[in-house]
Structures are given as C-alpha cells and as structure tokens.
Amino acid sequence: MARLAQILPYLYFVVDVSILVFAFFGVSYLFDQNNFFKEGLLILISLIVLWVIVGNYTKLYRSNLHNGFSTRMGSYAKSYIIFLVLFVTMVYVTSKFTTAVGDVLFLSIVGFLVLDAGANFVLVNIISKFRRRQGNIKHTLVAGAGDTAVRISSYLNSNPDFGFQINGYLKCKNEECKVNEDAVVGNLKD
C-alpha cells in the first residue's frame, strides 16, 4: 500500500515526459518537418529539461498527504502556466526559428498542455477512486482523544482519497475525551 505513494511521483513524471515527447513528434510528423529533426531533438531535450525544472520548482512530483484531486490539479495548472511563460520567454530570446519551426513548437506545447492535462486528470481521478474503494488504505491510530483528534478525524474522513482509515484513538493523560468512547483503544502508554 505504501508502495503506491512511492511509485506515484515516478508515474506522473513518466506520463508527463511521454506526452511531451509524443506531442512534439506528433506535431513534427504532421508538419512533415524532416529537416527539423536534428535541431528538433535539441529543442525537445530543452523542453524536457525545462519541464523537469518547473516540476522541481513547483514540487509537482513530491508525494504527500495533501495530494488529493483538487490539490494535484492545482499544482499542474501552476506548473503549466510557469512552463508556458518560460517557454515563450525562451522562444522570444532565441527568436531564430523559421515560421514553420515556430508553428511546430507552438502546437507541440499546446498539444502537450491539452493532452497532459487530460491524462493527468484521468490518472488523478483513477488514483483517487482507487483510494476511496480501499485499495490503498492506511490503518491509523490517532494519539489523543481531544479536540485535535476530532479535527484530524474530520479532516481525514472528509478526504477519503488520502487513503487513511482511523481504527481508534489513544487517550493521553489529563485529556478530556471528545471522541466516541468505544473508539478509544487504550492510552498512550499502551
């Protein structure tokens, strides 16, 4: 179960880079830019490096508790915007491309953004549904039975795609019990 959390960042990265390569070569093929291939590889490598830098900067591939559906898609939107701004800046600064090459680059980036947003929307949705159906449940004990335990329970129960199921609470000494007494499985010393 914990393996999924370790594999997910790599899965997202492989999907992103694969779609970037697919969009680039797909558009190049459509425009029949055979003479573009040599400098195209350099440009493609530059785009991949740019995406890796943006992904690292935005922490896109860091897996944590808050990688729920809306948070993940928000991270992608932020990454796409930064990537697009940097790409346009890079093209503007170098601006030695012919119109055909510029068209290939522009359509490759648009294709990447559209295809990648769609693919990641589907991927994040599948993973969220998998977690909700208890395919990746982490059985959890909460240390405490007071107000903080109630807030933690509420938060985790309202975000089932995080994959945490609270199996009980451990009561700390001198703490007023705010959770269901039947859910308290012992005290912190236990």
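This is a predicted model: local features need pLDDT of at least 70, side-chain atom pairs count only at pLDDT 80 or more; totals for chains, interfaces and linings use all residues.
Partly exposed means a relative accessible area between the buried range, under 20%, and the exposed range, over 50%.

**A loop residue**

Take lysine 59. Its relative accessibility is 48%, so lysine 59 counts as partly exposed. Where does lysine 59 lie? Lysine 59 sits in the loop between helix 2 (37–57) and helix 3 (69–94). Its backbone also deserves a look. Phi of lysine 59 is near 60°. That is a positive value, and the residue is not glycine.

**An aromatic cluster**

Now turn to the rings. How many aromatic pairs does a search of the whole structure find? The search finds nine. Two of these pairs share tryptophan 51, and the table sets them out.

| Pair | Arrangement | Centre to centre | Angle between planes |
|---|---|---|---|
| Tryptophan 51 and tyrosine 80 | stacked | 5.7 Å | 25° |
| Tryptophan 51 and phenylalanine 112 | edge-to-face | 5.1 Å | 85° |

Begin with the stacked pair. Tryptophan 51 belongs to helix 2 and tyrosine 80 to helix 3, so the pair ties together parts that are 29 residues apart in sequence. The planes of these two rings are 25° apart. An angle under 30 degrees counts as stacked.

Next comes the edge-to-face pair. Tryptophan 51 is in helix 2, while phenylalanine 112 is in helix 4 (residues 99–132). The two residues are 61 residues apart, and their pair links distant parts of the chain. Here the planes stand 85° apart. An angle over 60 degrees counts as edge-to-face.

Are these residues buried or exposed? Tryptophan 51 has 0% relative accessibility, so tryptophan 51 counts as buried. Phenylalanine 112 is also at 0%, and therefore counts as buried. Tyrosine 80 is buried too.

Tyr12, Trp51, Tyr76, Tyr80, Phe83 and Phe112 form one aromatic cluster.

**A strand residue**

Last, look at alanine 143. Alanine 143 is in strand 1 (residues 138–143). Its relative accessibility is 56%, so alanine 143 counts as exposed. The cut-off for exposed is over 50%.

Which residues does alanine 143 touch, leaving aside those up to four places away in sequence? Alanine 143 touches Leu170, Cys172 and Leu188. Consider one of them, cysteine 172. In sequence, alanine 143 and cysteine 172 are 29 residues apart. In space, they are 7.2 Å apart, C-alpha to C-alpha.

Conventions. Residues are numbered from 1 along each chain as its sequence is written. Side-chain values use heavy atoms; hydrogens and water are left out. Helices (H or I, at least four residues) and strands (E, at least two) are DSSP runs, numbered from the N terminus. Buried means under 20% relative accessible area, exposed over 50%, partly exposed in between (1.4 Å probe, protein chains only). Contact means heavy atoms within 4.5 Å. Rings of Phe, Tyr and Trp (its six-membered ring) pair if their centres lie within 6.5 Å; planes under 30 degrees apart count as stacked, over 60 as edge-to-face and the rest as tilted.
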